[in-house]
Number of protein chains: 4
Amino acid sequence: MKIGILTSGGDCPGLNAVIRGAVLKGVRAHDAEFVGIRNGWRGLVEGEFMKLDRHSVRGLSRQGGTILGSSRTNPFEGENGGPENIQRMLDAEGIDAVIAIGGEGTLTAARRLTDAGIKIVGVPKTIDNDLAATDYSFGFDTAVEIATEAIDRLRTTAESHGRCMVVEVMGRHVGWIALHSGMAGGAHAILIPEQPKTIEQICEWVEHVRDRGRAPLIVVSEGFLLAGMEEAHSTKGLDAFNRPRLGGIGEIIAPMIEERTGVESRATVLGHTQRGGAPSAYDRVLATRLGLAAVDAIYAGQWGSMVSLKGTDIEIVSIADATIGLKTVPEARYDEAAVLFG
Amino acid sequence: MKIGILTSGGDCPGLNAVIRGAVLKGVRAHDAEFVGIRNGWRGLVEGEFMKLDRHSVRGLSRQGGTILGSSRTNPFEGENGGPENIQRMLDAEGIDAVIAIGGEGTLTAARRLTDAGIKIVGVPKTIDNDLAATDYSFGFDTAVEIATEAIDRLRTTAESHGRCMVVEVMGRHVGWIALHSGMAGGAHAILIPEQPKTIEQICEWVEHVRDRGRAPLIVVSEGFLLAGMEEAHSTKGLDAFNRPRLGGIGEIIAPMIEERTGVESRATVLGHTQRGGAPSAYDRVLATRLGLAAVDAIYAGQWGSMVSLKGTDIEIVSIADATIGLKTVPEARYDEAAVLFG
Amino acid sequence: MKIGILTSGGDCPGLNAVIRGAVLKGVRAHDAEFVGIRNGWRGLVEGEFMKLDRHSVRGLSRQGGTILGSSRTNPFEGENGGPENIQRMLDAEGIDAVIAIGGEGTLTAARRLTDAGIKIVGVPKTIDNDLAATDYSFGFDTAVEIATEAIDRLRTTAESHGRCMVVEVMGRHVGWIALHSGMAGGAHAILIPEQPKTIEQICEWVEHVRDRGRAPLIVVSEGFLLAGMEEAHSTKGLDAFNRPRLGGIGEIIAPMIEERTGVESRATVLGHTQRGGAPSAYDRVLATRLGLAAVDAIYAGQWGSMVSLKGTDIEIVSIADATIGLKTVPEARYDEAAVLFG
Amino acid sequence: MKIGILTSGGDCPGLNAVIRGAVLKGVRAHDAEFVGIRNGWRGLVEGEFMKLDRHSVRGLSRQGGTILGSSRTNPFEGENGGPENIQRMLDAEGIDAVIAIGGEGTLTAARRLTDAGIKIVGVPKTIDNDLAATDYSFGFDTAVEIATEAIDRLRTTAESHGRCMVVEVMGRHVGWIALHSGMAGGAHAILIPEQPKTIEQICEWVEHVRDRGRAPLIVVSEGFLLAGMEEAHSTKGLDAFNRPRLGGIGEIIAPMIEERTGVESRATVLGHTQRGGAPSAYDRVLATRLGLAAVDAIYAGQWGSMVSLKGTDIEIVSIADATIGLKTVPEARYDEAAVLFG
C-alpha cells in the first residue's frame, strides 16, 4: 500500500512526531510505502510531493514544525480542486490512502472528501485544544508549558516593581491555554473567550491582590471580550478606541487597569513562540501514538475516521464527531479555577 | 473546620501545588483552617505541626519538594502509633480531618486508619505512575520530561562517537517512565520490569541500529531484569557478577553489550534529578486540581476516598480501589512502542 | 560596620545573587550587619528599610527579580532628596556605607552622592550590557539565552509556513542582545541601533534567503532605526505612519518587508520575559562574585568605586569611568557577524 | 583555497557552531572550499572525508555533538600516521590547510605536525575549561548550566528529606565546572582536584549546615581526591576500598559522610548529560566567533596558531602557549568561593 501524508493549517509541535510514527509503523509492520504531500491540501491539488521513507523521519520526534510544510488551502477551491481532481492526482501518484493531520477546517474538508469516496484517515491537530472527540491534542501541552515559563519569568519583574502584568496567550475562540497556563503559573485572574468579564470585575481582582501587598498577574486569551464591549471588539480591524487595531486584547486591558486602579500595568503578548520549537515529552508521546494508530486505521479501512485520545487510550472516532463544534472550556472548569482568583 | 495535611514517602514535583490548592480552596470557599503535619505520618504520631495559612502557600505551585517535609514512618508502629494514639493527637490539636498525600504505602495506611474511624481523604502521589484508579499522578510528567531532556542530550554524544548509550531511569516495579521517555526520546529499545528480555535480544536491537549507521540508544527502568538472570538480580546487595552491588542495571547491561557486539557502550544513571525541581505545567495543573478536589471530598464527608484523574475530570474513588495492586504497563502498550525498536 | 544595599532601575536576573553574595561575605568575613533599602533611592530618601540578615538571603542565587524592590526615583529630587537629607537618614539608621546596584542613572547619582561625601560602592546592572568599564554585566547572559530560545522556537514556525519572522528584542540604545541572540540563533539579519539600515538593504537579505528556499529570520533591537526614517521614529509617541505608537519597530518592519518582497512576514516582540525569572548559571556566578567584591571594596574604603568584570577577573574601577557614555556595539563586532547575513 | 576541518577528542556542545562559522566565513568572504575530515585525526590518516559545503552547515549553530564524528586517534601512530603520510593524504585530496578543533592532546599533535610543515590552525575545545591561553572555551558554559539545573532540582529533594546530596560533576584534572556550578547552585561545599580536603573538613561543613536546619549540598569534581587518600585513588581501576572501581568519587564520599555525621547522604553522578545537547547561547556565540576567526588565521597564514578568547575579543595566540600545561583553578578563585561554604 502507498500512503500519502499531509499537514494542514497552523504549525504545531508534534506534527513531525506523527509523521515519524506513521512511517515507522507502516514500513515495519506492513511494508507500506509513503509519500509526503507538500504544504497541506495544496500539494494534493497542485501535485507537490516529496520522498518520505524511513530515513527521512530520523530524529523527527523532537523536531518542531512540519517537514512537509503547511498551508491553509481549501481543497475544494481552485480549478484543480475538488474530489474528482484530487482522486485523479492520487491515482497518478499511485497513492491508495491519505493521512490528513489538521484542525477543524482540515478535518471538515477530509470528511467531505471521504464522503466523495477518497480514502482518508484524520489526525487531530489544534494547539488551542478546541477539537471535540479527543481529550487533548498534541501541541497544547507544549504551548501551556511555554506560556507557563513566560508567566514564571514575568512574575519576578512584576513583584520587583509592584506592577500588574497582563499576559496574552493564544486562544482565539477557546480559553484552554489561558486556563491551564494561568492555573500553572498561579495567575490572579484568567480571562477567556467563554467568560466575558467587565473591566470593573477585573479591577476588583487587581485591587484585591494589590491590597495584600502583591503584584497582580492576569492571563488573558487573545479572544477574550470585555463584557459590554463585545461590539467594539468585533469591528474587524478596529480596536476598543476605534483605532486601527495594532495590539491585542492585553494591550487594551492593561492601560484600562492602570487608569482605574492606579497600579502600573504592562501587557506582554507571547505570540508565535507558543507554537514553535521542540515538543514537550507529553506531546511527543501523544503525537507518536496518534501516528502509529493512524496507520492501523488505514489498514482497517476505517475511512472518515480520526484517531483520538480518550483517557490513556488511543481510540478511533468518526471525523464527523470531531467537527460538530468547538470544544470550549466548560463553566465548571472555569469555576474550579476561579476560587484561586483575586 | 480544621484540616491537617501531610505528605509522605519520596518527594515528587507537585506536592506543594496540592497543598496550595487545598489551602486556598478551604480558606476561600469554606473558611476552613489548616495545620501542616510535618514529615509524613511521623508528625501525626509524634506531634510535629506547623502553621499553614494562606500566606504560607504563596508561590508554591511552581516549587518542587514539600514544605511539610516527608518520611517513610509507618503510623501503626512505635509506642505512639496506631489509630487510638493518632485520634488523641488529632483531638488535642483540634484537627477534624486529614488530607494524606502519598503513594501505595501511605494510602494503605490511610485506609486502615479510616477503617478505625479517623477522617482521612487521600491524594495519590507516585512519580512512577504505578497507582491504580488514576490515569496519571502528578510528578510523572515532570520525571518523563527531565528524562527526555537527558536522552536528547545523550544522543548527540552517542552519535558523535558512534557509541551505544544506556540510560537508566526511575521505575523499580513498573516501566512507565522508561516507556514514555523512551518513546519521546526516540529510543531504539525500552527495557522495563514488566518485560524481561535476554541480553541476546538486546544485542540484536543494538546491532540492527549499528548496521544502519546509527548510535544505539537504550532506555532501561532501574527495576528491569535480564531474562534468565532474575535470580542473580534478586540476591539483595549483589550484582550480576556476585559483587557488592554499587551500580544499577544500566551499568550491568552496558559492558555486556560492548563485549558481545563490539559497540563501545556507556551507562548513565539519571537518579534523583528526575524527582526534584519545579513541576511541569501539566503536573502543576493536575496537582492543583487534586488539592481543590480533596477539600470538596472533606466537606462531602467522603472518608476513605481518594481524588483521582479520569480523562480530563477529577473524580472521587475509594482508596481501596487504588491500593489493589500496582498499575503496570499493559502488554499492548509495550507492543505499541516496540514497533519503533531496533 | 552596618552596610545598606539598594537595587535601582529596571529589574534584572542576578540582583538577588549580588545581595546574597554581599551579605554572606560581610557576615562571615567581617561580622558586618546589613540593612535592605527598599525600592532603590526612594527607600533612602523616604526611609523604607527592611531586615537583611543571613537568613533573608537563603536560596537567593537562583531567584529572579529583587527582594528589595526597585524604583526609578532620583535621589536629588523631592523635598527629602539630596546628599544632606540622605546622610541624615543614613546616620539615623546607623548605616556606615551603601552598596548601590544599578545602571547608568543609578551610578551617576551614586557618583554625585560620593562627591558629596556619602560612602557608596557601585555594582553595575544593565540587562542591555551598555555600561562601560565592565566586560559584561549580569542579566545580559540570561536575556540572550531567553531570546535565543525564542528564536529557536520561532524558526520552526517560519520554516513550516515559508514565512519571514521578525523578532524584536530589548536594546533601546545598544544592540548587544540582538547581536548575541541573533548570532546564537542563526539569524539572517541583525538590526541594531548603532547601524541604521534602509528597508531596501533589509529586503535584499530577505530575498536572498527566500531564493535559497529558506525562511528568513531577522532579529531587531527595539531601538533600531530605519535609515532615512530616523526623524519619523524620533517623534515621540508616533509611529512611522504618524499614528499613535502602539507596537514596536518589529511591527513596523514586518509589513514593510511583506509588501516589498511578497514574503509573508510576522513580528514577535519578546518584551518583559527577557528580564525576569531565574538567572542563567553564568549570571549567577558573575553576580555572586560582584557581590563578594563589593564588600571587599567597602572594607577597603574605596568610595566612588565600582566592581567590574575584566576577562575572568573581578576588578575595582571608578564609577566615573563606567559612566562616561554608553558601551555601544563596535563596528568590527557588527561586521564580524554580518558575514553570516542573507 | 581548500580547507579541511576535523574535530578530535570528546564531544562538546559548540563543535558544530565552529564548523558552521568557518564554512560560512570561508565561502562568503574568500570563496574557499571545505572538506570534512571524519573522526578526528583518524580521517586524515586513513582518508575518511565528507562533503562540507554551505548547505551542510545549515542550522548547525544550535546542534550538539559534531557532524564530522570524533576519535582519540594519535596522528603519529599506525603505519599511515606521521607528517609525511598525512601531507601525502592532504595533497591527494587537494587540501591546502587544516582547522583542527580539539583539546590539549589534539593541539599538541597539531603543533608537532605544524613543526613538520603541515599547515594547521587550532581551535581550543575543552568542556573542562582546562586549556591555557583562552579565557573560556565553548562547551564549558553549557556544562555548567546543565550541572546547575541538576543541582537546583536535587536541592528540593534534599530539603524535603533532610538529606545531604553529593553531586559529582565532570572535571578529571581541574575543578572549573564544580567551582562555577557549585557557586551558581549555592552549594555548601565545592570539592575540586586542585584542593584536596580531608573527610573531617567535609563533615564539618555538613554538620554546620545541618545544625542550621538545612540540607547540605556538596558539588564534587570527578577528579577530587580525599586528602590522605590520594594513593588509594590513584590505583587505577581500584576504588578506595580496593574493589574494582565501579562508582565515582561522589559514591565514595556520600557513605563516608553518612557514617560520620548521621546525615542520610546520597550521591548523584551527572555524567555524559553534561556534554551533549544544544549549546547555550553563550557557547554558540563563542564557538561561531572562533570558527570565523580560524578562517582569518588561515588566510593570514598563521600556521601553528590558535584562536582564543581574551576578555570580549577573539585573539590569535600560538598553540605552544596553549599547551604549556593545564589551566587549573587558582587558589584565589577557590578562596573567593569558600566564604560561601558550610
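Between which two elements of chain A does the loop that holds Gly103(A) lie?

**View 1. Gly103(A) in its loop.** In this predicted model, Gly103(A) sits in the loop that runs between β4 (97-102) and α4 (104-115) of chain A. Its relative accessible area is 11%, and the cut-off for buried is under 20%, so Gly103(A) is buried. Apart from neighbours within four places in sequence, Gly103(A) is in contact with Lys125(A) and Leu131(A).

View 2. The unreviewed UniProt entry lists Gly10(A), Arg72(A), Thr73(A), Gly103(A), Glu104(A), Gly105(A) and Thr106(A) under "binding site". These residues span 97 residues in sequence, but no two of their C-alpha atoms are more than 13.4 Å apart, so they gather at one spot. Thr106(A) is buried, at 7% relative accessibility. When residues up to four places away in sequence are not counted, Thr106(A) touches Ser8(A), Gly9(A), Trp41(A) and Ile101(A).

**View 3. Thr106(B) and its surroundings.** Thr106(B) is placed in helix α4 (residues 104-115) of chain B. With a relative accessible area of 6%, Thr106(B) is buried. Which residues does Thr106(B) touch, not counting those up to four places away in sequence? They are Ser8(B), Trp41(B) and Ile101(B). The C-alpha atom of Gly36(B), a residue 70 residues apart from Thr106(B) along the chain, is separated from that of Thr106(B) by 17 Å.

View 4. Helix α5 (residues 140-161) of chain A contains Thr157(A). Is Thr157(A) buried or exposed? Its relative accessibility is 0%, so Thr157(A) counts as buried. Not counting residues up to four places away in sequence, Thr157(A) touches Arg163(A) and Met165(A) in chain A, and Asp11(C), His272(C), Arg275(C) and Gly276(C) in chain C.

**View 5. Helices α5 and α6 of chain D.** The axes of α5 (residues 140-161) and α6 (residues 176-185) of chain D come within 8 Å and cross at roughly 45°. That angle makes α5(D) oblique to α6(D). The crossing of α5(D) past α6(D) is right-handed. On the α5(D) side, the contact is made by Phe140(D), Ala143(D), Val144(D), Ala147(D), Thr148(D), Ile151(D), Asp152(D) and Arg155(D). On the α6(D) side, the contact is made by Trp176(D), Ile177(D), His180(D), Ser181(D), Gly182(D), Ala184(D) and Gly185(D). Sorted by type, the residues of this contact are eight nonpolar, five polar and two charged.

View 6. Asn39(D) has a phi near 55°, a positive value in a residue other than glycine. Asn39(D) lies in the loop between β2 (33-37) and α2 (41-46) of chain D, and is buried with a relative accessible area of 10%. Phi of Ala133(D) is near 70°, again a positive value in a residue other than glycine. The loop that holds Ala133(D) lies between β5 (120-124) and α5 of chain D. Ala133(D) is partly exposed, with a relative accessible area of 29%.

**View 7. Chain pairs without contact.** Chain A and chain D do not touch, and their nearest C-alpha atoms are 12 Å apart. Chain B and chain C do not touch either, with their nearest C-alpha atoms 12 Å apart.

Technical notes
Residues are numbered from 1 along each chain as its sequence is written. Chains are lettered from A and ligands numbered from 1 in the order in which they are written. This is a predicted model: local features need pLDDT of at least 70, side-chain atom pairs count only at pLDDT 80 or more; totals for chains, interfaces and linings use all residues. Side-chain values use heavy atoms; hydrogens and water are left out. UniProt positions are given in the numbering used here, feature names are shortened, and annotations may be inferred rather than shown by experiment. Helices (H or I, at least four residues) and strands (E, at least two) are DSSP runs, numbered from the N terminus. Buried means under 20% relative accessible area, exposed over 50%, partly exposed in between (1.4 Å probe, protein chains only). Contact means heavy atoms within 4.5 Å. Axes are lines fitted to C-alpha atoms, for helices over the stretch in contact, and angles run from 0 to 180 degrees between N-to-C directions. Angles under 35 degrees count as roughly parallel, over 145 as roughly antiparallel, 65 to 115 as roughly perpendicular and the rest as oblique. A crossing is left-handed if the near helix is turned anticlockwise from the far one by less than a right angle, and right-handed if clockwise. Ala, Val, Leu, Ile, Met, Phe, Trp, Tyr, Cys and Pro count as nonpolar, Asp, Glu, Lys and Arg as charged, and the others, Gly among them, as polar.
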